[in-house]
Amino acid sequence: MSSMATQAADERLGEFMPPEDPSLPIRALRGLGRFFARKTAGAVALVIAFIILVLGIIGPWIAPYGPDDVFEVVNPNYDVNADPTDPANEDKLNQIIGQWRLNPNPTWDHPLGVDHGNRDLLTRVLHGARRSMLLGFGAAAIATIFGAFLGVGSGYFGGVVDLISQRLVDAFIAFPPLLFLLLLLQTGEATLPRTIIALSFLNIFGVSRVVRSATLAVRNDVFVEAARVMGAQPPRIIFRHVFPNVFAPIIIIFSTTIGGAILAESTLAFLGLAPPGPSWGAMVNNGRQFFGTEPILVAVGGGALTLTVLAFNIFGDALRDVLDPRLRGA
């Protein structure tokens, strides 16, 4: 009898108790579902960006050919009985003519066609996706981390620290970005790590300005003042109270910086100043001289570049609308 009374009391008590907090994966799935429901364009951009990221990871393994494989063409004038001493028969004695163009249009063997060097465009697009994702995420991560620390330190401490750091930031931002990027790369050989460092250094100062503005809005809030009154030291206040409250703009600036870094690397590749290897910008540069007759050479590389940058930018805008409390009802 007592057990039944205890069970009934537990049931009545459960009516007044708050529901259990769901686990982190469940909360993440619910948040993702709300994002897809509220921001359709941002959700589509997220799916496209995720697919491109996956292709960048597995692209070289699923590519049908090597990135520099050249497909040769059989000489239709080849004549095995031609006189080898006759200079006029030189072409007839070459069975393979590598410099002849294959059919540039898509075929079963080459779904996106071939470029001017008879290299498979689908293979080069997949290899270029890995390069773009590595440069974009690497440069954005480094720029966001260092820019966030610079912005939070400048905005929290203020005074002389803020004055000196912001004047340096103004000086670097005022310098033409492309010229500054070229100077950084010309100090040594253009390699992939050097390009990532150069692109990240170019974006650090823009990130710091955004994070500094968010820090200025947080540093005088009540909870920060309460932490100071209780004797908390600046490092503890920054990491326990300031950083969590400026994390949303940090995530947003990270997502938008990825597209900018990819676009900057493609600009360098278009100018012939990027590290060697398949690149979407180089594909556009190589195909521009044939644009009038074979526009697919430019459309493939330019289309991949445009779609990637557009997807990351739209996703970043949608993420800003979701994470910024002032824009949630807009």
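Modeller: Helix H4 and helix H11 (280–287) each put at least two residues into the lining of the largest cavity. Bear in mind that this is a predicted model.

Colleague: Which helix gives the most to that lining?

Modeller: H11 does, with 3 residues. By type it splits into 3 nonpolar, 3 polar and 3 charged.

Colleague: What makes this a cavity and not a pocket?

Modeller: A cavity is a set of points where a 1.4 Å probe fits but cannot get out, whereas a pocket is an open set. The structure holds 1 cavity of 30 Å³ or more, and the volume of the largest cavity is about 60 Å³.

Colleague: Why does Ile 252 get its burial label?

Modeller: Its relative accessibility is 14%, and the cut-off for buried is under 20%, so Ile 252 counts as buried. Ile 252 sits in helix H10 (residues 247–270).

Colleague: Which residues does Ile 252 touch, leaving out those up to four places away in sequence?

Modeller: Gly 316, Leu 319, Arg 320 and Leu 323. For Leu 319, 67 residues apart from Ile 252 along the chain, the C-alpha separation is 6.4 Å.

Colleague: How do the axes of H4 and H7 cross, and at what angle?

Modeller: Helix H4 (residues 121–157) and helix H7 (residues 192–218) have axes that come within 5 Å and cross at roughly 35°. The crossing is right-handed. Residues of this contact divide into 17 nonpolar, 11 polar and 2 charged.

Definitions and conventions:
Residues are numbered from 1 along each chain as its sequence is written. This is a predicted model: local features need pLDDT of at least 70, side-chain atom pairs count only at pLDDT 80 or more; totals for chains, interfaces and linings use all residues. Side-chain values use heavy atoms; hydrogens and water are left out. Axes are lines fitted to C-alpha atoms, for helices over the stretch in contact, and angles run from 0 to 180 degrees between N-to-C directions. Helices (H or I, at least four residues) and strands (E, at least two) are DSSP runs, numbered from the N terminus. A crossing is left-handed if the near helix is turned anticlockwise from the far one by less than a right angle, and right-handed if clockwise. Ala, Val, Leu, Ile, Met, Phe, Trp, Tyr, Cys and Pro count as nonpolar, Asp, Glu, Lys and Arg as charged, and the others, Gly among them, as polar. Buried means under 20% relative accessible area, exposed over 50%, partly exposed in between (1.4 Å probe, protein chains only). Contact means heavy atoms within 4.5 Å. On a 1 Å grid over the protein atoms alone, a cavity is a set of points where a 1.4 Å probe fits but cannot get out, and a pocket is an open set with protein on both sides within 12 Å along at least five of seven lines; lining residues have an atom within 4 Å of a point. Grid points are joined across faces, edges and corners, and a volume is the space filled by probe spheres set on the points.
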